Amino acid sequence: MGTITLQQAAQWCGGRIDPKYAKVTFLGANNDTRKLEPGQLFVALQGVRDGHDFIPQAIEKGAAAALCSRSVGDYPAIIVEDPRIALGQIARAERQRIGC
């Protein structure tokens with residue numbers, strides 16, 4: 001997987017971004033702040049706990065941006081209807097882009 005801009009990812013999954021963050025890049029994705037590596041996209045999933053509650057912590061730990069269904073602050077983010085589906089769309093487009 002190569003570096004992806006928020007603008008590319010948003011186009012691939014039909015998400016919205018704040019134009020000032022269009023050139024922010026990420027490498028990889030994670031939905032667990034305990035395992036998050038700097039530069040990854042944090043995926044705010046809805047489960048027993050709401051992943052949106054962990055976005056500030058993810059950004060503090062070095063997440064490049066969040067993939068989420070609602071904005072909870074001024075940070076780089078891709079806003080989508082369903083982050084789980086959007087992550088699959090981004091992964092599929094990236095695999096096609098790099099020829100896998």
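Me: How far apart are the closest N and O atoms in the salt bridge between Lys20 and Asp74?
Reply: This is a predicted model: local features need pLDDT of at least 70, side-chain atom pairs count only at pLDDT 80 or more, and totals for chains, interfaces and linings use all residues. Residues are numbered from 1 along each chain as its sequence is written, and side-chain values use heavy atoms, with hydrogens and water left out. A salt bridge is a side-chain nitrogen of Lys or Arg within 4 Å of a carboxyl oxygen of Asp or Glu. For Lys20 and Asp74 the closest N and O atoms give 3.2 Å.

Me: How many residues apart are Lys20 and Asp74?
Reply: Helices (H or I, at least four residues) and strands (E, at least two) are DSSP runs, numbered from the N terminus. Lys20 sits in the loop between H1 and strand S2 (25–26). Asp74 sits in the loop between S5 and S6. The pair links distant parts of the chain, and the separation in residues is 54.

Me: Are Lys20 and Asp74 buried or exposed?
Reply: Relative accessible area decides: buried is under 20%, exposed over 50%, partly exposed in between (1.4 Å probe, protein chains only). On that scale both Lys20 and Asp74 are exposed.

Me: Which residue meets Asp32 in a salt bridge?
Reply: Asp32 counts as buried because its relative accessibility is 14%. The N to O distance is 3.0 Å, and the partner is Arg34.

Me: What is the relative accessible area of Glu94?
Reply: Glu94 lies in helix H3 (residues 83–98). Its side chain meets that of Arg97 in a salt bridge of 2.7 Å, N to O, across three residues, about one turn of the helix. Arg97 is partly exposed at 42%. Glu94 is buried, at 1%.

Me: How many salt bridges does a search of the whole structure find?
Reply: The pairs include Lys20 with Asp74. Asp32 with Arg34 is another of them. The whole structure holds four.

Me: Which strands stand at the edges, each with a single partner strand?
Reply: Two strands pair if DSSP finds at least two bridges between them. Four strands form an open sheet in the order S3-S4-S5-S6, with parallel pairing. One side of each edge strand has no neighbour in the sheet, so the edges are S3 (29–30) and S6 (77–79).

Me: Which residue in S5 does Val43 stand opposite?
Reply: S4 (residues 41–43) and S5 (residues 65–68) pair in the parallel sense over three bridges. Opposite Val43 stands Leu67.

Me: What angle does the direction of H1 make with that of S6?
Reply: H1 (residues 6–13) packs on the sheet and touches S4, S5 and S6. Contact means heavy atoms within 4.5 Å. Axes are lines fitted to C-alpha atoms, for helices over the stretch in contact, and angles run from 0 to 180 degrees between N-to-C directions. For H1 and S6 the angle is about 15°.
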